[in-house]
Amino acid sequence: MKKLAAILFLFAIACKEQPAKKISLSQMLASGTWVDLSYSFDSHTLYWPNNPTGFKLDTQFNGITPAGFYYSSNQFFAPEHGGTHLDAPVHFAKGKWSSDEIPLQNLLGQSVVIDVSSKTKDNADYLITVADAEAWEKENGKIPDNAVLLFKTGWGQYYPDAAKYLGTAEKGTDAIPKLHFPSISPELAAWLVKNRKVKAIGIDTASVDYGQSKDFKTHQIIYAENIVGFENVANIEKLPTKGAFIIALPMKIKGGTGGPLRLIAWIPGNAD
Ligand SMILES: [Zn+2]
């Protein structure tokens, strides 16, 4: 009898559900994958055609100092809006957040990726529609509140080839009407601010308005709501349809209307 009791006791222990293993934050983060969504800044960084200058890096010193140690230091100059960058809401909406005023919470969040690359293939002037967002929701559920909404047009494959990515490699004001790349329709922008609650909108083209836009309506609509923008987002194709975690760290320019942006994503792995 004693023996049976001991066996039953051991059996009961074996059957007892294992308590959920506690893992630390660093273990959890180590189990996922980090994705770099920023392009490097260099002499090839793309800017709007009428920007008088691009990204400039001047060497201040690079070599052995008189004291015998190696030292290097540069200075850089760049317009706010080019390469992978932030659009602060004040860029198109007076009185709204400048770069330094955006709360950190508005620069972080769960991503949603709406892929319209099949629509842009033969149409560089494609405007992403409300129907595109609705089709995504039909398959994936409602765009969650506080999401970082990213649009994948497939244009990232052309960066930094200006002729392909922007539609023209020409510079100056006369080149602006020659811009051709897809982006978000003002109708979709209006639908999003009215019906969904996203905190940031990003795209893998040069602007949240398409190349042929004259009035930058999408900029006006979303930035009036203090939604922040990310333009020239890199590596969008490496993100899942939803559920990655985005961290956007723009240069904290006081009073800035935008600026160079280090944009990264964390994709959860199988933590065990
Ligand atoms: Zn911008």
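Tutor: Helices (H or I, at least four residues) and strands (E, at least two) are DSSP runs, numbered from the N terminus. Residues are numbered from 1 along each chain as its sequence is written. Keep in mind that this is a predicted model, where local features need pLDDT of at least 70, side-chain atom pairs count only at pLDDT 80 or more, and totals for chains, interfaces and linings use all residues.

Student: Which residue in β10 is the bridge partner of G202?
Tutor: Look at strand β9 (residues 200-203), which pairs with β10 in the parallel sense over 3 bridges. In β10, the residue bridged to G202 is F230.

Student: Which residue of β10 does H85 stand opposite?
Tutor: Strand β4 (residues 85-87) pairs with β10 too, in the antiparallel sense and over 3 bridges. Opposite H85 you'll find E231.

Student: Which residues of β10 are buried on each side?
Tutor: A residue is buried if 20 or more other C-beta atoms lie within 10 Å of its own, exposed if 12 or fewer, and partly exposed in between, with C-beta atoms placed from the backbone. In a regular strand the side chains alternate between the two faces of the sheet. Strand β10 (residues 228-231) is covered on both faces: one side has V228 and F230, the other has G229 and E231.

Student: What is the bridge partner of V112 in β7?
Tutor: Strand β5 (residues 108-115) has two partners to sort out here. With strand β11 (residues 242-250) it runs antiparallel, joined by 4 bridges, and there V112 stands opposite K242. With β7 it runs parallel, joined by 5 bridges, and there the partner of V112 is L149.

Student: What does L150 touch, apart from residues up to four places away in sequence?
Tutor: Contact here needs C-beta atoms, placed from the backbone, within 7 Å of each other. By that rule L150 touches S111, V112, V113, G202, V233, I236 and L239.

Student: Why do the buried residues of α6 line one face of the helix?
Tutor: In helix α6 (residues 186-195), the residues L188, A189 and L192 are buried. They line one face because, seen down the axis, they fall within an arc of 105°, an arc taken from the directions from the helix axis to the C-beta atoms. Their cover includes β6 (127-128), α4 (130-140), β8 (183-184) and α7. The face turned away carries the exposed K194 and N195.

Student: Is N232 buried or exposed?
Tutor: Most residues other than glycine have a negative phi, and most peptide bonds are trans. N232, in the loop between β10 and β11, has a positive phi of about 55°. Since 28 other C-beta atoms lie within 10 Å, N232 is buried.

Student: And how does N226 count, buried, exposed or partly exposed?
Tutor: N226 sits in the loop between α7 and β10, and its phi is also positive, near 60°. It has 18 C-beta neighbours inside 10 Å, so N226 counts as partly exposed.

Student: Which peptide bond is cis?
Tutor: Go to the loop between β7 and α5 (162-165), where P160 lies. With omega near 0°, the cis bond runs from Y159 to P160.

Student: Which residues is D58 in contact with, leaving aside its neighbours within four places in sequence?
Tutor: D58 is in strand β2 (residues 56-64), and it counts as exposed because it has 8 C-beta neighbours inside 10 Å. The C-alpha atoms of D58 and N74 are separated by 5.4 Å, although the two are 16 residues apart along the chain. The contacts of D58 are N74 and Q75.

Notes. Two residues are in contact if their C-beta atoms, placed from the backbone, lie within 7 Å. Two strands pair if DSSP finds at least two bridges between them.
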